[in-house]
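Me: I would like to learn how to read strands and sheets in a model. Please take me through some cases.

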Amino acid sequence: MNKAASFFARQIFLWVAFFIALAAWPMAAGAGEPPAEPVLRIETGMHTATISRIGVDSMNRFLVTASDDKTIRVWDLPTGKLLKIIRPPLGEGNEGKLYSAAISPDGRTIAAGGWTGWDWEGKSYIYFFDRETGALIKRIAGLPNVTFNLVYSKDGRYLAASLGSYGVKVWRAVDYKLVGEDTAYDERSSWADFDANNRLVTACYDGYVRLYEIDESAYPALKLIIKVKPPDAGQVFSTAFSPDGSKISVGFNDSLKVNVLSGKDLSHLYSPDTSDLTNGNLAVTAWSADGRHLYAGKALWGWFIIRKWADAGRRSHTDLSAAENSIRHIVGLNNGGIAYGSYDPAFGVYDASGKRVVYQPPFIADYRENKKGLMLSNDGMTVQFGYELWGESQARFSIKDRVLTDAGTPPAETLSQPLAYADGINVTNWKNVLGPELNGRKLDVEANDRSRSLAVAQDGQSFLLGTEWRVRLFDRSGAQRWEADTPSAAWAVNISGNGKAAVAAFGDGTIRWYRMTDGKEMLSFFPHGDRKRWVVWTPSGYYDASSGADDLIGWHINNGKDQAADFFPAGRFRSTFYRADVVAKVLTTLDEAAAIRLANEESGKRTQQVSIEKALPPIVTILEPRDSQAVSSKVITVRYAVRSPSGEPVTGVKALVDGRPVAMQKGVQVVARDKDKDVREMQVALPDKDSEISIIAENRFTSSEPATVRIKWSGTASGDDFIIKPKLYVLAIGVSKYHDKNLTLVLASKDAQDFADALSRQKDGIYRDVAVKVLTDETATKDEILDGLEWIQRETTSKDVAMVFLSGHGVNDSSGVYYYLPVGVQTDKLKRTAVAFSDIKNTVASLAGKTVLFVDTCHSGNIMGTRRGIADINAVVNELSSAENGAVVFASSTGNQYSLENAAWGNGAFTKALVEGLNGKADYTGKGKISVNMLDLYISERVKELTKGSQTPTTTKPATVSDFPVAVSR
């Protein structure tokens, strides 16, 4: 079977396997409520599993997406910006997967369903959420099957649900009273659509298209008018009314045909031309808003297009290249364009001319069909994988060095591909098919669990089989030694050369390590699709992360079946769960508890016993102003609700405008209080431009995630002649000539001076003035540095920009506290002679203006020569760039890398790239201005070039801070 054919066969199998699993799934016996225990989840800002359905409101303001990853996401349709993540209750396995979603025409309510409620009640739910707040406001229970499709009528009066072989149900939207149903369906119904007159058309795999009308004067109000098998009848997957209701398009799951039927009597009118297509299907159909164009899309054996026909499907066509996987839903938009969602997961928007104006790709690696396989070092500590299909864009991650790099340079150690054979072990029929065999005998694998990957142990005594549902270890006789449930399909597996770890790469973008003796999961690794950020964690949630990555995982906590769940990023618990030392020891000890004990013994730490539930941060919801509300006053009242799920009292509240703290015009006032939350008010000053307001609440353990609304300025704007440019304040610190000669560096002090000189030349560009304080070598004492921090804090106003540059050495003490080392530091007396991280953090958090830090320091204080000491400052960077501190942080390196300096460069690699970028080389647009993102890109590429990939700089920016210019080309 060729690549394309095997790929398409996989798509067909996934649905077949799902329905077989659904029929065989055991009913829950009165469990009643979703589990209360916290669940670790990945959060990338985008779905991590297929987008099953999408929906748009009547004014095309919002796009809603529902996914197998158990989340609903609300996007700003014109821009594709994420507005809100809604989390229904979830459980293990399939429980919580969402196969359907719809948004009411007025944009206020989101309906969602799927495998929801099944595990704890043996029946399914449809959830209803308030779109703006994300609150769960209603639940329809007792449904006999999972929900495959939801659709509101055009006038918002009705909601219809497709329930597989249990047919269709229709409710009145005002009170969700059932007005009618038809259960006479022999096979799966996956689609329904309303016309403007509230007639309903449904699709079913039994080959019939059914047309209904609703008459509430009769009971039941849902009346079947006619059902017809179209001429190309097969598995009817989708049906869609043309805008005027005169036509119905029909797509098939098992055919490339598309039929157009009469909207009056379902008679066949015509079939659009698909004669040039030879493989796949066009299962999903939709119409343009004016009815002039017909769209269809899905899978064409590796060619994933949306076809657009002119003249309502009667004339020529255009193919739109839409995604990297099957198209799952298409919706016509008011401007004549379409929105669509795909299996990747991805979504996009095309305008009426066929130009794609919005596209959101997935942020997960695609491990399918890796030609090299998942490669491992002998101890399993280094793994090599591909980010893209067929194993393209190879990358390498070292747990030991805590570094993610591309695989362009040879590895420091031998990496082994998975073995497919060994003497006496001949596994066949395992590649993307059912029924794997060992030496001609069937293995004991569920009949419908398709095999995906294989690895034979190097000692020839066992082999690992990855499937859709499990990872299984068999001995050489074919007896299963253990099995482990998987988060998704196991696309690649391998076994470490020392025989101690089994490793698997999954469809959710994770790579996971299992203990070979019993299959216990030991570690999980997630490389973000930006190919910079990564996070690795233990089953209990202890983690290590690159700069900007400790929010890629977090804790999902159910609040019962009648409330939306909460989610708390791991960074909220950084002080307890950021344990790079624990993670580094797991594959040595092969036991998480043993790794914790050993790490604690070495560091002198004690494992903190505060549970996740007791340490949860507050949750803030802004009630007024509404998102995107227009305001004309420079001081507005912000009303917000604060909820404390841990029961801990709120100890403080902070307001941010465009990511920076602002003074409240009046103190916080509590205006309402109930058992669950307080409603409070504060007055906040605004600039006379569009801006974002964020509110953060704190308790004794941690801070909340920021609640943010966008504000549209409608007042009088200052004329260009009266705009006051910001002033730039620069504090540049660098130490080369330490009193302790063991700490000597060559270029750190020169780096600080060159950085300051580059920014001094920015006067009369975007800055009206530049004030610089440089502290190098003998002037970089602890007292002078603290005075410098006080100076920049005192001088910087809300209209200014502050930049702090640190070059030299940094060190963590035995308890993990970070210190910057001034010129006279005594390494055995850090508290008295070094600058504590808390002093730096407190300054950053209190700076009124935009704040940028450049950090070129490291961990070890006794490295001589041309290498600056190793500095693990990932936790420092993540703390400084958190929303409550709000700094943009550029760091010279990551993990256990060295920051390199070379006399031939005249600077350290990081500073050389930084100064070049500020002087104009980062001006990628040629428009004269250099932004944070441009500078990040230039530094990353230039340092990689200078150090031949040995150093990886990082840039971390809070979500509350947008990109902004930092320099002009000189």
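**Reading strands and sheets**

Reply: Strands β23 (residues 294-297) and β24 (residues 305-309) form an antiparallel pair over 4 bridges. Opposite Ala 296 stands Arg 307 in β24. This is a predicted model, where local features need pLDDT of at least 70, side-chain atom pairs count only at pLDDT 80 or more, and totals for chains, interfaces and linings use all residues. Residues are numbered from 1 along each chain as its sequence is written, and side-chain values use heavy atoms, with hydrogens and water left out.

Me: What counts as a strand, and what as a pair?

Reply: Strands (E, at least two residues) are DSSP runs numbered from the N terminus. Two of them pair if DSSP finds at least two bridges between them. Strands of a sheet pair through backbone hydrogen bonds, either parallel or antiparallel.

Me: Which order do the strands of the open sheet of 4 have?

Reply: The order is β22-β23-β24-β25, with antiparallel pairing. β22 (284-287) and β25 (317-321) are the edges, each with a single partner strand, so one side of each lacks a neighbour in the sheet.

Me: Is strand β61 buried or exposed?

Reply: Buried means under 20% relative accessible area, exposed over 50%, and partly exposed in between (1.4 Å probe, protein chains only). In β61 (residues 801-807), 7 of the 7 residues are buried, so the strand is largely enclosed by the rest of the structure. Val 801, Met 803, Phe 805 and Ser 807 point one way, and Ala 802, Val 804 and Leu 806 the other way.
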